[in-house]
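Dear colleague,

I am passing on the structure below for you to look at alongside your own work. My notes follow it, and I would be glad if you read them with the model open.

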Amino acid sequence: MLVKRSAHFLAAPLTHVINLSSRSGDVPKRMKQARVRAIYKNEGDRKLCGNYRSISILAIYSKILERVVNNQLHSYFSTSKIITPSRYGFHRSKGTLDALIDFTNNSLKALNDGKVVFGVPIDFSKAFDTLDHHILLAKLDGYGFSVQTVKWFKSYPCDRSQSLQLGNTVSEPYQITCGVPQGSILGPSLFVLYMNDLINKTGVFTPILFADDTNLFFVSRSLNDDLPTLNKQLDKIADWCYSNNLTLNTKNASPQLSFHSKFLSSSMMH
């Protein structure tokens with residue numbers, strides 16, 4: 001609120017800083033410092049760290065810089081059409097309602113044709129926290145981003161640090177070597193780009209991508225006949241996850257659940 005009310009005085013120097021950052025391809029180090037607070041998920045033992053969600057509290061001015069860059073990024077998404085139509089989360093033109101409508105329409109059409117719809121839900125473990133910076137930069141280059149833009153995004157995660165706050169106690173800052181900050185403006189957009197080429201590995205599946213949750217759907221007349229093909233496709237998806245340093249969350253899955261011969265039989269939903 002203070003920054004908004006002071007916009008008349010702050011607009012000019014902030015504009016200068018943002019333009020300078022864009023031209024130089026460098027993000028000010030003070031804008032890459034975060035304070036992390038652990039928020040209880042309201043489930044499980046409060047003494048276990050895994051039952052807490054980390055939220056990064058970022059500098060206000062860094063969010064203004066990120067908002068400007070994020071607007072340009074989504075403008076590029078719109079003109080280049082590089083984002084898969086299967087993406088419904090973190091995408092300005094689509095949302096949960098669009099995902100539900102498309103899924104319902106496709107499923108009803110398949111059922112009217114006498115077919116069966118199978119769904120395989122996939123959840124990644126701490127996907128935002130494990131995003132690999134080197135892989136992300138390689139993907140940005142592959143999507144046709146300019147050298148200057150890739151340079152800026154190389155600076156964005158570099159030398160980033162965070163301190164953990166518990167009550168009134170704050171830890172010493174430590175370096176972040178992977179992932180994107182929770183609570184940042186650019187984090188979700190960068191994650192969209194990181195996950196975008198998963199569509200190339202889905203083969204016979206129709207995917208619905210929302211945030212870090214992925215659902216794979218397949219229409220079939222005979223599961224027994226299609227099972228070998230489906231499992232081969234699931235193995236390809238598992239290979240993609242491995243090469244992109246993403247870990248599948250199987251905490252609540254059946255002991256038999258894996259990307260092998262029994263994956264579908266233990267996890268499919270009709």
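Asn249 is partly exposed, because its relative accessible area of 34% falls between the limits used here (buried is under 20% relative accessible area, exposed over 50%, and partly exposed in between, with a 1.4 Å probe and protein chains only). Asn249 sits in the loop between α9 and α10, where helices (H or I, at least four residues) and strands (E, at least two) are DSSP runs numbered from the N terminus. Not counting residues up to four places away in sequence, Asn249 touches Asp123, Phe124 and Ser125, a contact being heavy atoms within 4.5 Å. The C-alpha atoms of Asn249 and Ala127 are separated by 9.7 Å, although the two residues are 122 apart along the chain.

Before going further, please note that this is a predicted model, in which local features need pLDDT of at least 70 and side-chain atom pairs count only at pLDDT 80 or more, while totals for chains, interfaces and linings use all residues. Residues are numbered from 1 along each chain as its sequence is written, and side-chain values use heavy atoms, with hydrogens and water left out.

Asn245 is partly exposed because its relative accessibility is 40%, and its phi is positive, about 55°, although it is not a glycine. Most residues other than glycine have a negative phi. Lys126, in the loop between β3 (116–123) and α5, is another residue other than glycine with a positive phi, in this case near 50°.

On a 1 Å grid over the protein atoms alone, a cavity is a set of points where a 1.4 Å probe fits but cannot get out, and a pocket is an open set with protein on both sides within 12 Å along at least five of seven lines; lining residues have an atom within 4 Å of a point. Grid points are joined across faces, edges and corners, and a volume is the space filled by probe spheres set on the points.

The largest pocket has a volume of about 860 Å³. It is lined by 30 residues, of which Lys41, Gly50, Tyr52, Arg53 and Lys126 are the closest to its centre. Two or more lining residues come from each of β1 (33–40), β2 (52–58), α5 (127–130), β4 (161–166) and α8 (186–195). By class, this lining has 12 nonpolar, 10 polar and eight charged residues, where Ala, Val, Leu, Ile, Met, Phe, Trp, Tyr, Cys and Pro count as nonpolar, Asp, Glu, Lys and Arg as charged, and the others, Gly among them, as polar.

The search of the whole structure also finds one cavity of 30 Å³ or more, and the space in the largest cavity is about 40 Å³. Its lining consists of Val27, Met31, Ser62, Leu65, Glu66, Trp152, Tyr156 and Arg160, and helix α3 (residues 60–80) gives the most to that lining, with three residues.

Trp152 belongs to α7, where Val150, Trp152, Phe153 and Ser155 are buried; the elements that cover the buried residues of α7 include α2, α3, α6 (133–142) and α8. In α2, the buried residues are Leu14, Ile18 and Ser21, and their cover includes α3 and α7 (147–155). A kink of about 25° in α2 is centred on Pro13, the bend at a residue being the angle between axes fitted to the seven residues ending there and the seven starting there. After α2 comes Gly25, with a positive phi near 70°.

In the loop between α3 and α4 (96–112) lies Ile83, which counts as buried because its relative accessibility is 9%. Leaving out residues up to four places away in sequence, Ile83 touches Phe77, His91, Val192, Leu193 and Asn196.

The C-alpha trace spans about 65 × 50 × 35 Å along its principal axes.

With best wishes
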